[in-house]
Amino acid sequence: MIINEQERNVTDNKMLSVIPVAGIFFKFLLFNAIWCYYTTFTPFSCWESYATAFVATLLLSVPYILTRHIAAGVLVMSVLDIWMVANLMYYRTYFSAIPLSSYMLAGNLADFLPSVTASLRWCDLLFPISTVVTVFLTFRIGCRQKITFRFSRRTYLVLLIFSCALLSINLSVRGGFIAIYRALRSSAHQHASGPPLYTLFGTLYFDYAEELPELTEEQEREIHTWLSGRPPLVPVPDIECRDNCILILAESLESWVLNLTVENQEITPYLNKLLKEPSTLYAPHVLTQVNGGRSIDAQLLMLAGLLPLQTGAYSCRFPFNTYHTLPKAMKELKGARNYLLTVDKTKT
């Protein structure tokens, strides 16, 4: 079959380079490798890691497929680089991806820039470097006017439909994505494997679906059963009735530091004296609940008897809610006044 030069150029114009698509797929594998380095490489033995990354790659390649221009691919890859590096930085502190509700709180980082920059690692440079390499190879191979390493829109569409169908069938057979991801987060060995297995897009979708979960009857029964079998957390001391209450909140202080001596020197001598007072209530077996953007756990626990939300903070998600707190109860019962002595900003 004889094809003249004009027909050959027309055929080339209908084909798309596979290199930008491969570059996006490589970024997902790179992200998974760095993420798993801190925990476990188990996701690399699961086919879902590659399937979800492949589907995400095909979807992110849509701008490049439609425009046939590498600039569209570069824009997608650059945004992906920033997003992935930001989640890796967050993960190095909180061992989770950035929660959906925390994206609206990015302005809070202005006060913690040294902590943010300290979370960067040299391996994070591989993301922008991979973008540069992808662009270089695309132009280098494209200048040779060969059809190798190219594909058509029809091939792309077939791959996208087949991959999405295969992944959807697998998730449906196993009970649905939400149930699978919920079980994954409660797993002792794979609780941090969600982003490598189902990409950051899957993590954001799960956060959105779980933002306002409804309490089922089974969950309510489990709660009542658990509470009925628990002894009182704090023994009530035999002290006379008092009208005053002083509550001390120390940020990032854990109970193991109290009553600890290093080289015959007490670390917290004044708090140790307070613990010996007969009028002091002390509950040492309390674990921090801060995780995934949640905050004000001590204030909620001590003043309102509430544990933090699964995602987000009360002050952001429910700022207009009425909270029944200890200061309000003391004011109502005893007409007590409340004073807050803090070194924090007025806004906080």
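Predicted model: local features only at pLDDT ≥ 70, side-chain atom pairs only at ≥ 80, totals over all residues.
Start with two helices. Helix α3 covers residues 47-60, and helix α8 covers residues 153-173. Their axes come within 10 Å and cross at roughly 140°. That angle makes α3 oblique to α8, because only angles over 145 degrees count as roughly antiparallel. The crossing of α3 past α8 is left-handed.

Glu48 meets Arg174 side chain to side chain, at 2.8 Å from N to O. Glu48 sits in helix α3, while Arg174 sits in the loop between α8 and α9, 126 residues apart. Glu48 is buried, with a relative accessible area of 10%. Arg174 is partly exposed, at 39%.

The whole structure holds four salt bridges. Another of them joins Asp81 and Lys27, at 2.7 Å from N to O. Asp81 belongs to helix α5 (residues 70-94) and Lys27 to helix α2 (residues 19-37), so the pair ties together parts 54 residues apart in sequence. Both Asp81 and Lys27 are buried.

Asp207 and Arg185 form a further salt bridge, with their closest N and O atoms 3.2 Å apart. Asp207 is buried, at 4% relative accessible area. Arg185 is partly exposed, at 32%.

Now turn to the surface. Trp122, Leu125, Leu126, Ile129, Val133, Phe136 and Leu137 form a nonpolar patch there. Together they have about 730 Å² of accessible area. Ile129 lies in helix α7 (residues 126-142). Its relative accessibility is 46%, so Ile129 counts as partly exposed.

Key. Residues numbered from 1 in each chain as written. Heavy atoms only, no water. Patch = residues over 30% accessible without salt bridge, like charges linked within 9 Å, V, L, I, M, F, W, Y side chains within 5 Å. Areas by Shrake-Rupley, 256 points an atom, 1.4 Å probe, with all protein chains shown as cover. Helix = DSSP H or I, 4+ residues; strand = E, 2+ residues; numbered from the N terminus. Buried < 20%, exposed > 50% of the residue type's maximum accessible area, 1.4 Å probe, protein only. Axes fitted to C-alpha atoms, helices over the stretch in contact; angles between N-to-C directions. Parallel < 35°, antiparallel > 145°, perpendicular 65-115°, else oblique. Left-handed = near helix turned anticlockwise from the far one by under 90°.
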